[in-house]
Amino acid sequence: MLKLDTIMNRKIVRRIFTHYTTKGERRIDELFGAEKERSLGAFFGRIPIQTTLNMAMKRIGLTEEMETRFFQSSVNKQVLKNVMKTVAKNGMQQPFRFNAPLVVVWNYTDLCNLRCRYCYQSAGKPKQDELSFDEKIDLINQMVDANVAFLALSGGEPMMGERFWDVLGYASRFLHTSLASNGTLLGDRHLVYRLSDNGLRNIFISLDGARAESHDFIRGNGNFARTIRGIENCVANPHVHVGVNMVVTRRNYDEVPAVLELAQELGVNSFNHYNYIPTGRGKDDFENDITPEQREKLLNLLVDFHLRRHETGLNVISTAPQYARVISERSGRNSAGLFHYTADNATNLTGIIEYAGGCGAGRVYAAVQPNGRMTPCVFMPDVTIGYIREQRFIDIWQRSETCLKMVDRDNYHYQCPTYKHICGGCRARAFAYGDLIGPDPKCAVYQNAMRERGFPIDLEEEREAVAV
């Protein structure tokens, strides 16, 4: 069978994609349920794009049922147009960098009711120069025009931001919207329904332990009970997908199995493991980072639970790019994670993993700060790629030399010989340890490679080692 890039890099395919994302864009809308134009030209105009997309979808491993479901989602129209514009402009490259971010994490406000120990945003008081309501609406319009598909509202505590409900309602008309929250305000069930009434699709709540002692160490006294109540109220709402986010450190590493069990008992849809990245309030706390051996055990544990998802109802996601590598090893290289995580059927899309696999920072997604400053990733809050008030959203993305540097894996200071395109390492962790295009110093594969070369790494001196 032909490789995906063999199909997509043909001149005829790129010309087809160029046509159907410009003059022939209506044919794409028709694939997603828009009323079909009844003319002979329109009938024949649908054939090339339908044939090309059918070939591509079969090549990446989509079944007929998955194809049907794909075209039933209006959000996927944004995804498809984004992919087509990328291929038309740049061809099918490794790694695949989208024409515009597929996902945007918007730190809506710095205002927050908590002062969490490891907050990447160092949130608390709002910034004095946060975007105005009109600027926020304009930003959403720019995202839609650029074919962004997914918008995650984070913070701070987003619900505390000015005009949050108006902005959420507007954004949800065009984008798949999610909310990241500490959960303590969601003890009011009416608030949860207000979120879903405004179109919110996903709620992700931070849960950093199965006991009050461990969770409250990070989030503050009394917040474990408030968070659990918030999760329960969200689960009771049938209109939203609910996930729990856990940042795993040495302090709560041993509680991961208990949190997985608690998540299952609570009835949430997903457990999301977040890599600990020394940034924000935790920028100087390298000691709580888990060891390479612990990360390997953790990721294998997560795979074990994910493989049971049809039994437990719990989808298991990780922001660690190494998760895809572990899935690949466990499956005999028959599957892997999509982008920087895996979800539901993504592990089966083997035809696209070698293009879309690995860290998505500056490639699949970007972050926007409360004042309109753009960064490649929320866990790299000090790396600026542009300002919304000075440039258009799409121009910042497409012209960012930092992002282009981050995704050029052939020029990394350490190139993984086996998993460069499946994993490639977390850019935020590499940056936190001193080198944006260096390795994740606590990756087991990297550690083993260094030992084989006669350069054993002292875990107490990793920042110095990676800088060299």
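Helices α12 and α13 cross in a right-handed way, meaning that the near helix is turned clockwise from the far one by less than a right angle. This is a predicted model, where local features need pLDDT of at least 70, side-chain atom pairs count only at pLDDT 80 or more, and totals for chains, interfaces and linings use all residues. Residues are numbered from 1 along each chain as its sequence is written, and side-chain values use heavy atoms, with hydrogens and water left out.

Take the helix pair: α12 (residues 256-266) packs on α13 (residues 292-307) at about 25°, with the axes 11 Å apart. So α12 runs roughly parallel to α13 (angles under 35 degrees count as such). On the α12 side, V256, P257, L260 and E261 make the contact, and they meet L298, L301, L302 and F305 of α13 (heavy atoms within 4.5 Å). Seven of these residues are nonpolar, one is charged and none is polar.

Now for the cavities, sets of points on a 1 Å grid where a 1.4 Å probe fits but cannot get out, lined by residues with an atom within 4 Å of a point. The whole structure has two of 30 Å³ or more.

| Cavity | Volume | Lining residues by class |
|---|---|---|
| Largest | about 180 Å³ | nine nonpolar, five polar, four charged |

Of the 18 residues lining the largest cavity, Y414, C416, G424, G425 and C443 are the closest to its centre. Helices α15 (322-330) and α20 (444-452) each give two or more residues to that lining. The second largest cavity is lined by residues including C359, R363, M406, Y412, G424 and G425.

Terms used. Axes are lines fitted to C-alpha atoms, for helices over the stretch in contact, and angles run from 0 to 180 degrees between N-to-C directions. Helices (H or I, at least four residues) and strands (E, at least two) are DSSP runs, numbered from the N terminus. Angles under 35 degrees count as roughly parallel, over 145 as roughly antiparallel, 65 to 115 as roughly perpendicular and the rest as oblique. Ala, Val, Leu, Ile, Met, Phe, Trp, Tyr, Cys and Pro count as nonpolar, Asp, Glu, Lys and Arg as charged, and the others, Gly among them, as polar. On a 1 Å grid over the protein atoms alone, a cavity is a set of points where a 1.4 Å probe fits but cannot get out, and a pocket is an open set with protein on both sides within 12 Å along at least five of seven lines; lining residues have an atom within 4 Å of a point. Grid points are joined across faces, edges and corners, and a volume is the space filled by probe spheres set on the points.
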